[in-house]
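Hello,

Below is the structure I said I would pass on.

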Amino acid sequence: MTVFGSGSENWKEPSSPRNNGIMHTRREFLAGAIPIIAFKNDTLRLVESLIAKTGEVSAEDEQFWMQIQEAFTLDRTMINFNNGGVCPSPRVVQDALIRYLQYQNQAPSFFMWRNLEPEIESVRKRLARAFGCDGEEIAITRNASEALEICLNGFDLKPGDEILTTNQDYPRMITTIKQRELREGVKMVQVNPPPTPKTQQELLRAIENGITEKTKLILICQVIFMTGQIYPVRDICRMAAKRNIPVIVDGAHAFAQFPFLQSDLECEFYGTSLHKWLMAPIGTGMLFVKNSRIETLWPLMAANKEQAKDIRKFEEIGTHPAANHNAIAEALTFHELIGPQRKAERLRYLRSRWTTKLINEPKVHFTTNLSPEHSCGITTVNISGIKSADLAAWLWDKHRIFVTTIAHDQFEGIRVTPNVYTTLDEIDRFSAAMLTAAKQGIA
Ligand SMILES: Cc1ncc(COP(=O)(O)O)c(C=O)c1O
(Lines give C-alpha, C1' and ligand atoms only; values in the text may rest on other atoms or scores of the structure.)
Protein backbone atom coordinates (compact mmCIF):
# COMPACT_ATOMS: atom_id res chain seq x y z
CA MET A 1 0.00 0.00 0.00
CA THR A 2 1.13 3.51 -0.72
CA VAL A 3 1.91 5.72 2.24
CA PHE A 4 -0.21 8.82 1.93
CA GLY A 5 0.96 12.33 2.38
CA SER A 6 4.64 11.56 2.30
CA GLY A 7 4.94 12.49 -1.35
CA SER A 8 7.92 10.21 -1.21
CA GLU A 9 7.48 8.84 -4.71
CA ASN A 10 8.26 12.30 -6.07
CA TRP A 11 11.45 12.83 -4.15
CA LYS A 12 13.85 10.81 -6.21
CA GLU A 13 17.33 12.02 -6.89
CA PRO A 14 16.87 13.92 -10.06
CA SER A 15 18.90 13.82 -13.19
CA SER A 16 17.60 15.62 -16.20
CA PRO A 17 18.74 17.50 -19.24
CA ARG A 18 18.03 20.67 -17.27
CA ASN A 19 20.34 19.92 -14.35
CA ASN A 20 23.37 19.35 -16.51
CA GLY A 21 23.68 15.86 -15.09
CA ILE A 22 24.51 17.11 -11.55
CA MET A 23 23.25 14.55 -9.07
CA HIS A 24 22.24 15.38 -5.53
CA THR A 25 21.90 12.99 -2.66
CA ARG A 26 18.52 12.83 -0.98
CA ARG A 27 20.09 14.36 2.16
CA GLU A 28 21.48 17.33 0.21
CA PHE A 29 18.19 17.73 -1.52
CA LEU A 30 16.19 17.81 1.70
CA ALA A 31 18.70 20.06 3.41
CA GLY A 32 17.90 22.69 0.81
CA ALA A 33 14.18 22.33 1.31
CA ILE A 34 11.95 24.11 3.76
CA PRO A 35 10.40 21.76 6.33
CA ILE A 36 7.85 20.18 4.09
CA ILE A 37 8.27 16.51 4.64
CA ALA A 38 6.68 16.16 8.05
CA PHE A 39 3.19 16.23 6.62
CA LYS A 40 1.00 13.29 7.50
CA ASN A 41 -2.62 12.80 6.68
CA ASP A 42 -4.22 10.76 9.42
CA THR A 43 -7.59 10.61 7.69
CA LEU A 44 -6.17 8.78 4.75
CA ARG A 45 -4.20 6.45 6.94
CA LEU A 46 -7.52 5.56 8.53
CA VAL A 47 -9.14 4.99 5.16
CA GLU A 48 -6.30 2.71 4.18
CA SER A 49 -6.63 0.72 7.35
CA LEU A 50 -10.41 0.48 6.87
CA ILE A 51 -9.90 -1.04 3.46
CA ALA A 52 -7.20 -3.33 4.78
CA LYS A 53 -9.49 -4.48 7.60
CA THR A 54 -12.73 -4.96 5.71
CA GLY A 55 -11.34 -6.01 2.36
CA GLU A 56 -14.26 -5.13 0.14
CA VAL A 57 -15.87 -1.76 0.84
CA SER A 58 -19.17 -1.04 -0.85
CA ALA A 59 -20.85 2.06 -2.22
CA GLU A 60 -23.08 2.02 0.87
CA ASP A 61 -20.45 1.62 3.57
CA GLU A 62 -20.87 4.94 5.37
CA GLN A 63 -17.95 4.30 7.70
CA PHE A 64 -15.65 4.28 4.68
CA TRP A 65 -17.28 7.21 2.87
CA MET A 66 -17.20 9.32 6.02
CA GLN A 67 -13.41 9.11 5.90
CA ILE A 68 -13.43 10.18 2.27
CA GLN A 69 -15.71 13.10 3.15
CA GLU A 70 -13.22 14.16 5.81
CA ALA A 71 -10.33 14.11 3.35
CA PHE A 72 -11.46 17.44 1.87
CA THR A 73 -11.37 21.04 3.11
CA LEU A 74 -14.86 22.07 2.03
CA ASP A 75 -17.26 24.82 2.89
CA ARG A 76 -20.09 22.77 4.37
CA THR A 77 -22.30 25.84 4.79
CA MET A 78 -23.18 25.17 1.17
CA ILE A 79 -23.93 22.05 -0.85
CA ASN A 80 -21.76 21.98 -3.94
CA PHE A 81 -23.56 20.07 -6.68
CA ASN A 82 -21.52 21.54 -9.47
CA ASN A 83 -18.61 19.13 -9.50
CA GLY A 84 -19.10 18.91 -13.23
CA GLY A 85 -17.48 22.33 -13.59
CA VAL A 86 -14.36 21.75 -11.55
CA CYS A 87 -13.73 19.68 -8.42
CA PRO A 88 -12.02 20.45 -5.14
CA SER A 89 -8.80 18.56 -4.51
CA PRO A 90 -8.52 16.46 -1.36
CA ARG A 91 -6.21 17.72 1.35
CA VAL A 92 -3.32 15.47 0.31
CA VAL A 93 -3.31 17.00 -3.16
CA GLN A 94 -3.54 20.55 -1.85
CA ASP A 95 -0.70 19.84 0.56
CA ALA A 96 1.51 18.40 -2.17
CA LEU A 97 0.79 21.41 -4.35
CA ILE A 98 1.65 23.88 -1.61
CA ARG A 99 4.74 21.89 -0.69
CA TYR A 100 6.00 21.96 -4.27
CA LEU A 101 5.10 25.62 -4.72
CA GLN A 102 7.04 26.63 -1.64
CA TYR A 103 9.92 24.41 -2.61
CA GLN A 104 10.18 25.72 -6.15
CA ASN A 105 9.96 29.33 -5.02
CA GLN A 106 13.20 29.09 -3.08
CA ALA A 107 15.01 29.44 -6.41
CA PRO A 108 12.81 28.28 -9.28
CA SER A 109 15.53 27.99 -11.90
CA PHE A 110 17.34 25.64 -9.55
CA PHE A 111 14.72 23.87 -7.44
CA MET A 112 11.94 23.77 -10.00
CA TRP A 113 13.80 23.10 -13.24
CA ARG A 114 16.43 20.88 -11.75
CA ASN A 115 14.50 18.90 -9.17
CA LEU A 116 10.76 19.15 -9.65
CA GLU A 117 10.33 19.34 -13.42
CA PRO A 118 11.97 15.97 -14.22
CA GLU A 119 9.33 14.29 -12.06
CA ILE A 120 6.79 14.97 -14.79
CA GLU A 121 8.09 11.71 -16.22
CA SER A 122 6.88 9.70 -13.26
CA VAL A 123 3.48 11.42 -13.45
CA ARG A 124 3.35 10.63 -17.17
CA LYS A 125 3.97 6.93 -16.43
CA ARG A 126 1.30 6.84 -13.75
CA LEU A 127 -1.28 8.55 -15.96
CA ALA A 128 -0.42 6.08 -18.71
CA ARG A 129 -1.01 3.21 -16.32
CA ALA A 130 -4.37 4.65 -15.26
CA PHE A 131 -5.41 5.07 -18.92
CA GLY A 132 -3.89 1.76 -19.99
CA CYS A 133 -1.45 3.05 -22.59
CA ASP A 134 2.26 3.61 -23.14
CA GLY A 135 3.89 6.49 -21.22
CA GLU A 136 5.20 7.78 -24.54
CA GLU A 137 1.60 8.43 -25.58
CA ILE A 138 0.70 10.83 -22.74
CA ALA A 139 1.26 14.59 -22.68
CA ILE A 140 0.36 16.61 -19.61
CA THR A 141 -1.57 19.76 -20.43
CA ARG A 142 -3.16 22.55 -18.42
CA ASN A 143 -6.74 21.48 -19.04
CA ALA A 144 -8.94 19.60 -21.49
CA SER A 145 -9.30 22.67 -23.70
CA GLU A 146 -5.56 22.72 -24.35
CA ALA A 147 -5.43 18.98 -25.07
CA LEU A 148 -8.39 19.15 -27.44
CA GLU A 149 -7.29 22.35 -29.17
CA ILE A 150 -3.96 20.67 -29.89
CA CYS A 151 -5.94 17.99 -31.70
CA LEU A 152 -8.50 20.23 -33.37
CA ASN A 153 -5.84 22.62 -34.69
CA GLY A 154 -3.19 19.98 -35.28
CA PHE A 155 -4.56 18.44 -38.49
CA ASP A 156 -3.83 20.01 -41.89
CA LEU A 157 -7.15 20.63 -43.62
CA LYS A 158 -8.15 22.29 -46.90
CA PRO A 159 -10.98 24.76 -47.52
CA GLY A 160 -14.21 22.80 -47.84
CA ASP A 161 -13.02 19.91 -45.67
CA GLU A 162 -15.59 19.06 -43.01
CA ILE A 163 -15.18 18.59 -39.27
CA LEU A 164 -18.11 16.63 -37.92
CA THR A 165 -19.36 17.08 -34.36
CA THR A 166 -22.63 17.39 -32.43
CA ASN A 167 -24.69 20.27 -31.13
CA GLN A 168 -24.13 18.99 -27.58
CA ASP A 169 -20.33 19.27 -27.66
CA TYR A 170 -18.51 21.75 -25.46
CA PRO A 171 -18.72 25.43 -26.55
CA ARG A 172 -14.96 26.06 -26.48
CA MET A 173 -14.32 23.13 -28.78
CA ILE A 174 -17.04 24.39 -31.13
CA THR A 175 -15.40 27.84 -31.04
CA THR A 176 -12.10 26.23 -31.99
CA ILE A 177 -13.68 24.67 -35.07
CA LYS A 178 -15.41 27.96 -35.88
CA GLN A 179 -12.07 29.73 -35.82
CA ARG A 180 -10.75 27.23 -38.37
CA GLU A 181 -13.85 27.97 -40.45
CA LEU A 182 -13.09 31.70 -40.39
CA ARG A 183 -9.38 31.32 -40.91
CA GLU A 184 -9.10 28.46 -43.38
CA GLY A 185 -12.52 27.90 -44.88
CA VAL A 186 -13.04 24.44 -43.39
CA LYS A 187 -16.65 23.61 -42.59
CA MET A 188 -18.20 22.47 -39.32
CA VAL A 189 -21.09 20.01 -39.55
CA GLN A 190 -23.09 19.52 -36.36
CA VAL A 191 -25.46 16.59 -36.02
CA ASN A 192 -28.25 16.53 -33.48
CA PRO A 193 -28.19 13.22 -31.58
CA PRO A 194 -31.07 12.48 -29.18
CA PRO A 195 -30.27 13.96 -25.74
CA THR A 196 -31.97 11.01 -24.00
CA PRO A 197 -31.36 7.99 -26.24
CA LYS A 198 -32.87 4.61 -25.41
CA THR A 199 -29.88 2.81 -26.91
CA GLN A 200 -26.33 3.88 -27.63
CA GLN A 201 -26.79 2.72 -31.22
CA GLU A 202 -28.94 5.83 -31.76
CA LEU A 203 -25.85 7.93 -31.00
CA LEU A 204 -23.63 5.92 -33.33
CA ARG A 205 -26.20 6.28 -36.11
CA ALA A 206 -26.50 10.04 -35.55
CA ILE A 207 -22.74 10.48 -35.99
CA GLU A 208 -22.59 8.11 -38.95
CA ASN A 209 -25.41 9.95 -40.68
CA GLY A 210 -23.42 13.18 -40.54
CA ILE A 211 -20.50 11.76 -42.54
CA THR A 212 -20.04 12.91 -46.13
CA GLU A 213 -17.20 12.34 -48.59
CA LYS A 214 -15.77 15.66 -47.32
CA THR A 215 -15.58 14.62 -43.64
CA LYS A 216 -11.93 14.73 -42.61
CA LEU A 217 -12.18 14.85 -38.81
CA ILE A 218 -14.72 13.92 -36.12
CA LEU A 219 -15.01 15.38 -32.62
CA ILE A 220 -17.18 13.54 -30.10
CA CYS A 221 -17.59 13.62 -26.35
CA GLN A 222 -17.27 10.47 -24.27
CA VAL A 223 -19.65 12.12 -21.80
CA ILE A 224 -21.93 14.98 -22.83
CA PHE A 225 -21.49 17.88 -20.41
CA MET A 226 -25.16 18.88 -20.68
CA THR A 227 -26.68 15.53 -19.73
CA GLY A 228 -23.95 13.14 -18.55
CA GLN A 229 -24.81 10.86 -21.49
CA ILE A 230 -22.07 8.30 -22.14
CA TYR A 231 -21.25 7.79 -25.84
CA PRO A 232 -20.33 4.50 -27.53
CA VAL A 233 -16.81 5.73 -28.26
CA ARG A 234 -15.40 2.42 -29.44
CA ASP A 235 -18.22 1.86 -31.93
CA ILE A 236 -17.81 5.38 -33.28
CA CYS A 237 -14.01 5.03 -33.55
CA ARG A 238 -14.37 1.67 -35.35
CA MET A 239 -16.96 3.07 -37.73
CA ALA A 240 -14.75 6.08 -38.52
CA ALA A 241 -11.58 3.97 -38.84
CA LYS A 242 -13.23 1.99 -41.66
CA ARG A 243 -13.58 5.29 -43.51
CA ASN A 244 -10.11 6.50 -42.54
CA ILE A 245 -11.47 9.48 -40.58
CA PRO A 246 -9.62 10.40 -37.37
CA VAL A 247 -11.76 10.82 -34.24
CA ILE A 248 -10.89 13.24 -31.44
CA VAL A 249 -12.47 12.13 -28.18
CA ASP A 250 -13.36 14.78 -25.62
CA GLY A 251 -13.09 12.90 -22.35
CA ALA A 252 -13.22 15.99 -20.09
CA HIS A 253 -16.04 14.48 -18.04
CA ALA A 254 -15.21 10.82 -18.35
CA PHE A 255 -11.69 10.20 -17.05
CA ALA A 256 -11.87 9.08 -13.40
CA GLN A 257 -15.66 9.40 -13.23
CA PHE A 258 -16.07 5.70 -14.03
CA PRO A 259 -13.55 3.01 -14.99
CA PHE A 260 -12.38 2.34 -18.55
CA LEU A 261 -9.11 1.99 -20.43
CA GLN A 262 -7.87 3.28 -23.74
CA SER A 263 -8.33 -0.22 -25.14
CA ASP A 264 -12.05 -0.03 -24.29
CA LEU A 265 -12.33 3.08 -26.44
CA GLU A 266 -9.92 2.19 -29.27
CA CYS A 267 -9.35 5.92 -29.67
CA GLU A 268 -6.28 7.57 -31.17
CA PHE A 269 -6.72 11.13 -29.88
CA TYR A 270 -8.11 11.75 -26.39
CA GLY A 271 -8.15 14.89 -24.25
CA THR A 272 -9.38 15.25 -20.69
CA SER A 273 -9.34 17.53 -17.69
CA LEU A 274 -7.68 16.21 -14.56
CA HIS A 275 -9.19 18.90 -12.33
CA LYS A 276 -12.65 17.45 -12.74
CA TRP A 277 -13.24 13.86 -11.69
CA LEU A 278 -9.62 12.98 -10.86
CA MET A 279 -9.58 15.96 -8.47
CA ALA A 280 -6.02 16.90 -9.40
CA PRO A 281 -4.85 20.52 -8.99
CA ILE A 282 -6.85 23.11 -10.88
CA GLY A 283 -5.06 23.72 -14.16
CA THR A 284 -4.22 20.14 -15.13
CA GLY A 285 -5.23 18.06 -18.13
CA MET A 286 -4.04 15.13 -20.22
CA LEU A 287 -3.63 14.39 -23.90
CA PHE A 288 -3.33 10.87 -25.31
CA VAL A 289 -2.08 10.45 -28.86
CA LYS A 290 -1.53 6.97 -30.19
CA ASN A 291 2.19 6.34 -30.91
CA SER A 292 1.79 6.00 -34.64
CA ARG A 293 -0.17 9.27 -34.83
CA ILE A 294 2.14 11.60 -32.89
CA GLU A 295 4.15 12.51 -35.95
CA THR A 296 1.02 13.38 -37.92
CA LEU A 297 -0.29 15.92 -35.38
CA TRP A 298 1.10 19.47 -35.17
CA PRO A 299 1.67 20.88 -31.68
CA LEU A 300 -0.23 24.04 -30.74
CA MET A 301 2.97 25.83 -29.72
CA ALA A 302 5.98 25.28 -31.94
CA ALA A 303 8.41 22.46 -31.24
CA ASN A 304 11.69 21.44 -32.87
CA LYS A 305 11.67 19.20 -35.93
CA GLU A 306 13.63 16.60 -33.96
CA GLN A 307 10.66 16.30 -31.57
CA ALA A 308 8.23 15.30 -34.32
CA LYS A 309 7.69 11.80 -32.95
CA ASP A 310 8.00 12.76 -29.28
CA ILE A 311 4.80 13.19 -27.24
CA ARG A 312 6.64 15.91 -25.25
CA LYS A 313 6.37 18.24 -28.24
CA PHE A 314 2.82 18.97 -27.03
CA GLU A 315 4.23 20.23 -23.71
CA GLU A 316 6.43 22.96 -25.24
CA ILE A 317 4.49 25.77 -23.58
CA GLY A 318 7.31 27.77 -22.01
CA THR A 319 7.81 28.34 -18.31
CA HIS A 320 5.08 26.83 -16.17
CA PRO A 321 4.74 25.62 -12.57
CA ALA A 322 6.04 22.10 -11.95
CA ALA A 323 3.98 22.00 -8.75
CA ASN A 324 0.69 21.55 -10.60
CA HIS A 325 1.67 18.60 -12.73
CA ASN A 326 3.66 16.86 -9.99
CA ALA A 327 0.75 16.99 -7.55
CA ILE A 328 -1.30 14.97 -10.07
CA ALA A 329 0.55 11.99 -8.56
CA GLU A 330 -1.21 12.51 -5.21
CA ALA A 331 -4.57 12.77 -6.95
CA LEU A 332 -3.91 9.47 -8.72
CA THR A 333 -2.99 7.83 -5.44
CA PHE A 334 -6.18 9.13 -3.80
CA HIS A 335 -8.24 7.95 -6.77
CA GLU A 336 -6.62 4.52 -6.77
CA LEU A 337 -7.20 4.20 -3.04
CA ILE A 338 -10.93 4.78 -3.46
CA GLY A 339 -10.89 2.48 -6.48
CA PRO A 340 -12.36 3.56 -9.83
CA GLN A 341 -15.14 0.95 -9.73
CA ARG A 342 -16.09 1.73 -6.14
CA LYS A 343 -16.15 5.43 -6.94
CA ALA A 344 -18.51 4.93 -9.90
CA GLU A 345 -20.77 2.76 -7.76
CA ARG A 346 -20.86 5.41 -5.04
CA LEU A 347 -21.71 8.14 -7.56
CA ARG A 348 -24.56 5.98 -8.89
CA TYR A 349 -25.70 5.14 -5.36
CA LEU A 350 -25.81 8.84 -4.39
CA ARG A 351 -27.69 9.59 -7.57
CA SER A 352 -30.29 6.87 -7.11
CA ARG A 353 -30.88 8.05 -3.53
CA TRP A 354 -32.35 11.34 -4.80
CA THR A 355 -33.72 10.30 -8.19
CA THR A 356 -35.86 7.49 -6.72
CA LYS A 357 -37.58 10.05 -4.49
CA LEU A 358 -38.45 12.23 -7.48
CA ILE A 359 -38.97 9.80 -10.33
CA ASN A 360 -42.73 9.43 -9.80
CA GLU A 361 -43.39 13.14 -9.43
CA PRO A 362 -45.43 14.09 -12.50
CA LYS A 363 -43.73 17.48 -12.90
CA VAL A 364 -40.16 16.17 -12.63
CA HIS A 365 -38.42 15.29 -15.91
CA PHE A 366 -34.99 13.77 -16.34
CA THR A 367 -33.10 14.59 -19.52
CA THR A 368 -30.46 12.11 -18.42
CA ASN A 369 -31.08 8.44 -19.12
CA LEU A 370 -30.52 7.07 -15.60
CA SER A 371 -29.48 3.52 -16.48
CA PRO A 372 -25.83 2.76 -15.66
CA GLU A 373 -24.67 2.15 -19.22
CA HIS A 374 -25.91 5.63 -20.15
CA SER A 375 -24.73 7.78 -17.24
CA CYS A 376 -23.00 7.85 -13.86
CA GLY A 377 -22.42 10.96 -11.71
CA ILE A 378 -24.06 13.68 -13.83
CA THR A 379 -27.82 14.18 -14.00
CA THR A 380 -29.89 16.86 -15.68
CA VAL A 381 -33.42 17.38 -14.42
CA ASN A 382 -36.15 19.98 -14.69
CA ILE A 383 -39.53 20.70 -13.13
CA SER A 384 -42.25 21.63 -15.58
CA GLY A 385 -43.65 25.09 -15.01
CA ILE A 386 -40.41 26.34 -13.39
CA LYS A 387 -37.60 27.85 -15.42
CA SER A 388 -34.38 26.07 -14.57
CA ALA A 389 -32.54 29.35 -13.96
CA ASP A 390 -35.23 30.25 -11.39
CA LEU A 391 -35.03 26.81 -9.81
CA ALA A 392 -31.23 27.10 -9.50
CA ALA A 393 -31.55 30.56 -7.95
CA TRP A 394 -34.18 29.29 -5.49
CA LEU A 395 -32.06 26.27 -4.52
CA TRP A 396 -29.21 28.63 -3.77
CA ASP A 397 -31.15 31.41 -2.03
CA LYS A 398 -33.33 29.18 0.11
CA HIS A 399 -31.22 26.07 0.57
CA ARG A 400 -27.61 27.02 -0.20
CA ILE A 401 -27.52 24.27 -2.82
CA PHE A 402 -25.30 25.18 -5.78
CA VAL A 403 -26.10 23.72 -9.20
CA THR A 404 -25.54 24.94 -12.73
CA THR A 405 -28.16 25.32 -15.44
CA ILE A 406 -28.10 23.79 -18.90
CA ALA A 407 -29.80 25.39 -21.88
CA HIS A 408 -30.11 23.72 -25.28
CA ASP A 409 -32.56 24.31 -28.13
CA GLN A 410 -34.36 21.07 -27.28
CA PHE A 411 -34.11 20.87 -23.51
CA GLU A 412 -33.09 22.70 -20.38
CA GLY A 413 -32.54 21.76 -16.78
CA ILE A 414 -30.37 21.99 -13.73
CA ARG A 415 -27.26 19.82 -13.83
CA VAL A 416 -26.68 17.97 -10.57
CA THR A 417 -23.20 16.62 -9.88
CA PRO A 418 -22.43 15.45 -6.34
CA ASN A 419 -19.07 13.85 -5.63
CA VAL A 420 -17.40 11.27 -3.39
CA TYR A 421 -17.30 13.79 -0.54
CA THR A 422 -21.07 14.42 -0.66
CA THR A 423 -22.93 13.26 2.46
CA LEU A 424 -26.24 11.38 2.45
CA ASP A 425 -27.71 14.27 4.43
CA GLU A 426 -26.78 16.67 1.62
CA ILE A 427 -28.44 14.39 -0.92
CA ASP A 428 -31.57 14.17 1.24
CA ARG A 429 -31.74 17.94 1.71
CA PHE A 430 -31.59 18.33 -2.06
CA SER A 431 -34.32 15.77 -2.77
CA ALA A 432 -36.54 17.34 -0.08
CA ALA A 433 -36.08 20.79 -1.64
CA MET A 434 -36.85 19.43 -5.12
CA LEU A 435 -39.98 17.70 -3.83
CA THR A 436 -41.16 20.97 -2.29
CA ALA A 437 -40.50 22.78 -5.57
CA ALA A 438 -42.34 20.11 -7.59
CA LYS A 439 -45.35 19.97 -5.27
CA GLN A 440 -45.70 23.58 -4.13
CA GLY A 441 -43.70 25.63 -6.63
CA ILE A 442 -41.03 28.16 -5.69
CA ALA A 443 -43.00 31.42 -5.67
C1 LIG B 1 -17.17 18.26 -22.53
C2 LIG B 1 -16.14 19.25 -22.11
N3 LIG B 1 -15.07 19.43 -22.88
C4 LIG B 1 -14.08 20.30 -22.56
C5 LIG B 1 -14.17 21.05 -21.42
C6 LIG B 1 -13.07 22.02 -21.11
O7 LIG B 1 -12.42 21.58 -19.97
P8 LIG B 1 -11.28 22.46 -19.29
O9 LIG B 1 -12.00 23.54 -18.54
O10 LIG B 1 -10.53 21.52 -18.43
O11 LIG B 1 -10.46 23.03 -20.37
C12 LIG B 1 -15.27 20.92 -20.58
C13 LIG B 1 -15.38 21.71 -19.36
O14 LIG B 1 -16.36 21.70 -18.64
C15 LIG B 1 -16.28 20.00 -20.94
O16 LIG B 1 -17.36 19.82 -20.18
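Ring pairs join Phe131, Phe255, Phe258, Phe260, Tyr270 and Phe288 into a cluster. Rings of Phe, Tyr and Trp (its six-membered ring) pair if their centres lie within 6.5 Å; planes under 30 degrees apart count as stacked, over 60 as edge-to-face and the rest as tilted.

Before the rest, two notes on the source. This is a predicted model: local features need pLDDT of at least 70, side-chain atom pairs count only at pLDDT 80 or more, and totals for chains, interfaces and linings use all residues. Residues are numbered from 1 along each chain as its sequence is written, and side-chain values use heavy atoms, with hydrogens and water left out.

Aromatic pairs

The count by this rule is 17 aromatic pairs. In one of them, phenylalanine 72 and tyrosine 421 are tilted, at 5.1 Å centre to centre with 50° between the planes. This pair links distant parts of the chain: phenylalanine 72 is in the loop between helix H3 (62–70) and strand S1 (79–80), and tyrosine 421 is in the loop between strand S13 (412–416) and helix H17 (424–440), 349 residues apart. Helices (H or I, at least four residues) and strands (E, at least two) are DSSP runs, numbered from the N terminus. Phenylalanine 72 and tyrosine 421 are both buried. Buried means under 20% relative accessible area, exposed over 50%, and partly exposed in between (1.4 Å probe, protein chains only).

Phenylalanine 131 and phenylalanine 288 form an edge-to-face pair, 5.3 Å centre to centre and with 65° between the planes. Phenylalanine 131 lies in helix H6 (residues 120–131) and phenylalanine 288 in strand S8 (residues 285–289), so this pair ties together parts that are 157 residues apart in sequence. Both of these residues, phenylalanine 131 and phenylalanine 288, are buried.

Salt bridges

A salt bridge is a side-chain nitrogen of Lys or Arg within 4 Å of a carboxyl oxygen of Asp or Glu. By this rule there are 20 salt bridges. Glutamate 330 and arginine 99 meet in one of them, at 3.9 Å from N to O. Glutamate 330 is in helix H14 (residues 328–338) and arginine 99 in helix H4 (residues 91–104), so the pair ties together parts 231 residues apart in sequence. Glutamate 330 and arginine 99 are both buried.

Another salt bridge joins glutamate 184 to arginine 180, with the closest N and O atoms 2.8 Å apart. These two are four residues apart in helix H8 (residues 171–184), which means that about one helical turn separates glutamate 184 from arginine 180. Glutamate 184 is partly exposed, with a relative accessible area of 29%, whereas arginine 180 is buried, at 4%.

Glu121, Arg124, Glu136, Asp310, Arg312 and Glu315 are linked in a network of salt bridges.

The ligand

Which residues surround the ligand? Among them are Asn143, Ala144, Tyr170, Asp250, His253 and Lys276. A nitrogen atom of the ligand is 2.6 Å from an N or O atom in the side chain of aspartate 250. An oxygen atom of the ligand is 3.2 Å from an N or O atom in the histidine 253 side chain. Taken alone, the ligand exposes 390 Å², and the protein buries 91% of that. Accessible areas come from the Shrake-Rupley method with a 1.4 Å probe; for residues, only the protein chains shown count as cover.

Regards

How values were computed:
Near = heavy atom within 4 Å. Polar contact = N/O pair within 3.5 Å; in protein donor to acceptor, adjacent residues only side chain to side chain.
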